[in-house]
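Subject: Structure handover

Hello,

Here is the structure I promised to pass on. Please open it first, then read my notes below.

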Amino acid sequence: MKTCIVVGGGIAGMSAAILLAQQQYKVTLIEKSSRLGPLLRGFSRKGFHFETGFHFAGGLEKGGILRHWIKTLGLDLNLDACEERTEIVCTRHGVYTIPCGKDALTAWCSKNFAPSQMGLEQFLRACNEIQNQSPYMSPHAQRSFSILSHNNEGLTEYLDKLDLDEELKRILTARCMLYGVHPCDALRDDFFLVTGAYFHSCSGIHGGGPAIVAAYEKMLARLGVTVICDKAVTRFDIDNARCQMRAILLEDGQTLEADIIIFTGHPQQLKTLVPAGVLRPAYFKHLSSVKETGKPVILYGIADNSLPPSCIWYIISDDGRFAGAEEHEPALCVITGTEQENGQKTCMVMAVAEQHTDMDTPDGHLHHARWKNFMQSKLEKYLIEKLPSFKDHWKCLELSTSRAMQHWIYGSSGSFYGCAHTKDMLPLSPVTRIAGLFLAGQNILLPGMLGCIVSAAISAGFAMGDDAILNRFRSCAEEL
């Protein structure tokens, strides 16, 4: 029995551990925090649960790609009780509710942007083609290659070739906010891979993040995966002569040997984990040059029964980019949760900001507190300006920044989604020069629950050297 250590207990790490254990590997899963899935669990205030790691997803409908992968992992989730979400795009010129389903979207386009219908149909066909090219995104893929390859065509460049109304372009590209990349910087294929499933459905999982973590923990226990929490990995033990992994060292001095290591943390952590001279300086230079997505500013609040539940508003500007929280008209993503018995519901307002406060100075904490107060007031005022129905019907309880993100996730840079997958970024490979060391997670592939699961499957497949995981995926898809 081969041994494997998975470093990081988020969705990618837990998924990789399950996929390898299903193939009879002896797996140990290590998480720095006191419990698995720290960000995924969310938090509670005044009797309300706030989601911090999972909000909604595409592909959970019957026959959906994410549902296939959840079945492959064996997660005990009630997917028939998925809560549908309503997506609304707010521009300077109007408020548009995006229909669920490609047929419904096409009919909506015919009614509201009739001259753009042919261009939209071409757009949706291209989306299908990209997804169907990868065996990890379609169980019926005809071509077989191991990773999600794509060309370098930018999203806006591609859309400019189609006969689409400018307002419709803004509506379609609003979903770039799902992975924190401006439409002008986004790759066409990445956009299709991240958002393609949302053209079929958009829904939440009953019980949210806590239910997802519980399902993962149940399966990990069933498969006999050893879980070690509250301990950080401090060093990789590598055979320099053969450039091969031998073991990992924990902060308590414990050494764990393994044939395979799958690392799901931020790639820049490799600088301290890998002994000097093992990887080329150019590799670390590349890691340092990788651009990060923006830093979060999130208002957590409560809305009354006058505001609709289970809705997502994308508030965007006309200039083709997502303005930061400090700017006059920032881009916002507003999410209301499911309704409770008294009609109240959670309401989160998310923006992106670059924080310039210095926490290391004697008065750094004071400056940071002042900045937070200013930002809360600014975003609340702007929200009411763009969505007047929110006035007097919601209340902010707390504001969090990248500091909270760094607190929840060990090794996090504090950005929304880690590495930014843009057209000028050279993608990081799941395979490293060190034999037996593989990388996974949203920094390596794409963000979101689906991106993390697929990244785990790709890395585990490389580690195993066969198609056992893909074969199981296809088999589970056939059963559904």
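Let me start with a helix contact. The buried residues of α11 pack against α10 (270-273). Contact here means heavy atoms within 4.5 Å. Helices (H or I, at least four residues) and strands (E, at least two) are DSSP runs, numbered from the N terminus. Buried means under 20% relative accessible area, exposed means over 50%, and partly exposed lies in between (1.4 Å probe, protein chains only).

Before the rest, some ground rules. This is a predicted model, in which local features need pLDDT of at least 70 and side-chain atom pairs count only at pLDDT 80 or more, while totals for chains, interfaces and linings use all residues. Residues are numbered from 1 along each chain as its sequence is written, and side-chain values use heavy atoms, with hydrogens and water left out.

**Two helices with a buried side**

Back to helix α11, residues 281-289. Its buried residues are Phe284, His286 and Leu287. They fall within an arc of 155° seen down the axis of α11, so they line one face of the helix. The arc is that of the directions from the helix axis to the C-beta atoms. The face turned away from the buried side of α11 carries exposed residues: Pro281, Ala282, Lys285 and Ser289.

Now helix α4, residues 102-112. Here Lys102, Leu105, Thr106, Trp108 and Cys109 are buried. Their arc around the axis is only 160°, which puts them on the same side of α4. They pack against β7 (95-98), α5 and α7 (166-173). Asp103 and Lys111 are exposed, on the face of α4 turned away from its buried side.

**The open sheet**

In what order do the five strands of the open sheet run? The order is β9-β2-β1-β13-β19, with parallel pairing. Two strands pair if DSSP finds at least two bridges between them. At the edges stand β9 (226-229) and β19 (437-439), each with a single partner strand, so one side of each has no neighbour in the sheet. On average, neighbouring strands of this sheet are turned by 20° against each other, direction ignored. For such angles, axes are lines fitted to C-alpha atoms (for helices over the stretch in contact), and angles run from 0 to 180 degrees between N-to-C directions.

**Salt bridges**

Side chains of opposite charge can pair when their charged atoms come close. A salt bridge is a side-chain nitrogen of Lys or Arg within 4 Å of a carboxyl oxygen of Asp or Glu. By this rule the count is 18.

- Arg67 and Asp80 meet at 3.4 Å, N to O. Arg67 is in helix α3 (residues 65-73) and Asp80 in the loop between α3 and β5 (83-84), 13 residues apart. Arg67 is buried, at 11% relative accessible area, whereas Asp80 is exposed, at 61%.
- Lys218 pairs with Asp76, the closest N and O atoms being 2.9 Å apart. Lys218 lies in helix α9 (residues 208-222) and Asp76 in the loop between α3 and β5, so the pair ties together parts 142 residues apart in sequence. Asp76 is exposed, at 53% relative accessibility.
- Arg188 pairs with Glu153, with the closest N and O atoms 3.8 Å apart. Arg188 lies in helix α8 (residues 188-195) and Glu153 in the loop between α5 (117-132) and α6 (155-161), so the pair ties together parts 35 residues apart in sequence. Arg188 is buried at 11% relative accessibility, and Glu153 is buried at 18%.

Glu153 and Arg188 also belong to a salt-bridge network with Lys161 and Asp189. Asp189 is in helix α8 and is buried, with a relative accessible area of 3%.

**Two positive phi values**

Which residues other than glycine have a positive phi? Lys46 is one of them, with phi near 50°. Lys46 sits in the loop between β3 (43-45) and β4 (48-50) and is exposed, at 66%. Ser310 is another, with phi near 55°. Ser310 lies in the loop between β14 (295-303) and β15 (311-315) and is buried, at 10%.

Best wishes
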